[in-house]
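Welcome! Let us take a friendly walk through this structure, a few places at a time.

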2 protein chains.
Amino acid sequence: MSKLPEKTIGRLSEYRRTLLNCLANGKTHVFSHDLANLHNITAVQVRRDIMLIGYSTTLKKGYDVKALIDVIGNIIDTKDGLNAAIIGIGNLGRAITAYFNGKRTRLKIAATFDTDPEKTNRVISGVKCYPISEMGRIIKEQDISIGILTVPPEDAAAVTETLIMAGIKGILNYTSTSLNVSPNVYLEEYDMITSLEKVAYFVKEKNE
Amino acid sequence: MSKLPEKTIGRLSEYRRTLLNCLANGKTHVFSHDLANLHNITAVQVRRDIMLIGYSTTLKKGYDVKALIDVIGNIIDTKDGLNAAIIGIGNLGRAITAYFNGKRTRLKIAATFDTDPEKTNRVISGVKCYPISEMGRIIKEQDISIGILTVPPEDAAAVTETLIMAGIKGILNYTSTSLNVSPNVYLEEYDMITSLEKVAYFVKEKNE
DNA sequence: TAAACATTGTTATTTAATTAACAGTGAAAT
DNA sequence: ATTTCACTGTTAATTAAATAACAATGTTTA
């Protein structure tokens, strides 16, 4: 089951979100073209992704929602779940924490970190905030394997080093500082300014 | 100059951010491999992107930082600038507004919208917040062409419809609801849960 | 000055991702 | 029944993106 395309992984996560909605609305089956419409992609794309993860149905009544949720879960989730931590509990850190927690069973934000003494040693957005100085210890104690960076750009490099020393396995970097990590740490970067500038560019393009 | 690859546009935005940093640090020239290292990509990729936008240098002392910033600006920015609006000024909306404004000269967040009367008709993160009921009017008055959606997922579809009626040209959607828009509106979607799940998947992969 | 080197610009190749094409098959319609 | 239809699964073709290869050229070094 290894070697799934990166893009497919992203879509599987999205399919699951939609499927969970379907389930909540009492739908038991869903067609490939329904999923496609809900995600602005083609039905072929959906079927191909689902083929790649080895699920298939003999019925012509669409995919079994529950079964498909489980299959996707077995691909994306680990058996025992993973813990993540937010580093920098400003507006963005809070947004992510509040938005995410409780939504998934096998992935959770277990701790947050900050330098500001006003924020540390309190519970923020439902999660305890620790001083960054204790980060190494807490990460090991709580078995945290993913770090989400929402610190000011000038702190990103130093924080990353601490994270890696503490044995973090994956980093999701929301700062505008591009990071350099060894290949055994998975790194995903996202910059909101770039996204906005991209939209601006294509808006300009369309109007020419 | 048209038909630049989408990925190139994203990288140009990132190069410019780095170049502005270089300028602030007094660097006047930068090698392709310097830019590459700063972005975790190859020097070939950098040179190719720069080739595509038609900039070149005869010197073997790297690219002229200032000149390159200008060339990228002429690609990405419009002459007169574009205005964007945040819809939903919760934690995420605030984070984006505060993070973005003032960073660029030809792109700015000109207004924010919310339904909560506690928030409306006040200045939040430096920008005036209007009630969503006035969105159509304000968008036209202030010539806003980009909408950034940070509302709860259940409101996304309705807000989008209003935006499009008001003549918006591009949408950056941070809600978990996937949108359906006509092809003359540029749509970019980003979901943080998906990103986090992707990181979790690849962390799992690496440890097998 | 000439040789060695470093750097860019560009074409060719490879790889990744998407889309098209279509065979197979159960369900519905006649 | 049997024909038509609607869907799925999968291979083939296409398109987009990244990488490799290398010629051209200015710079440094001996």
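Which helix does Thr160(A) lie in? Thr160(A) belongs to helix α7 of chain A, which covers residues 156-165. Keep in mind as you look around that this is a predicted model. Thr160(A) is buried, because its relative accessible area is 4% and buried means under 20%. Leaving aside residues up to four places away in sequence, Thr160(A) touches Leu149(A), Ile171(A), Leu179(A) and Val181(A).

Now turn to the aromatic rings. Over all chains there are 13 aromatic pairs. One pair to look for is Tyr190(A) with Tyr190(B): the ring centres are 3.6 Å apart and the planes meet at 15 degrees, so the pair is stacked. Tyr190(A) sits in the loop between β9 (186-189) and α8 (192-206) of chain A, and Tyr190(B) in the loop between β9 (186-189) and α8 (192-206) of chain B, so this pair joins two chains. Both Tyr190(A) and Tyr190(B) are buried. They also belong to one aromatic cluster, together with Tyr174(A) and Tyr174(B).

Our last stop is a pair of helices. Helix α5 of chain A, residues 91-100, packs with α8(B) at an angle of about 80 degrees, and their axes are 10 Å apart. That angle makes α5(A) roughly perpendicular to α8(B). On the α5(A) side, the contact is made by Leu92(A), Ile96(A), Tyr99(A) and Phe100(A); on the α8(B) side, Met192(B), Ile193(B) and Leu196(B) take part. What kinds of residues make up the contact of α5(A) with α8(B)? Seven are nonpolar, with no polar and no charged residues.

Technical notes: Residues are numbered from 1 along each chain as its sequence is written. Chains are lettered from A and ligands numbered from 1 in the order in which they are written. This is a predicted model: local features need pLDDT of at least 70, side-chain atom pairs count only at pLDDT 80 or more; totals for chains, interfaces and linings use all residues. Side-chain values use heavy atoms; hydrogens and water are left out. Rings of Phe, Tyr and Trp (its six-membered ring) pair if their centres lie within 6.5 Å; planes under 30 degrees apart count as stacked, over 60 as edge-to-face and the rest as tilted. Helices (H or I, at least four residues) and strands (E, at least two) are DSSP runs, numbered from the N terminus. Buried means under 20% relative accessible area, exposed over 50%, partly exposed in between (1.4 Å probe, protein chains only). Axes are lines fitted to C-alpha atoms, for helices over the stretch in contact, and angles run from 0 to 180 degrees between N-to-C directions. Angles under 35 degrees count as roughly parallel, over 145 as roughly antiparallel, 65 to 115 as roughly perpendicular and the rest as oblique. Contact means heavy atoms within 4.5 Å. Ala, Val, Leu, Ile, Met, Phe, Trp, Tyr, Cys and Pro count as nonpolar, Asp, Glu, Lys and Arg as charged, and the others, Gly among them, as polar.
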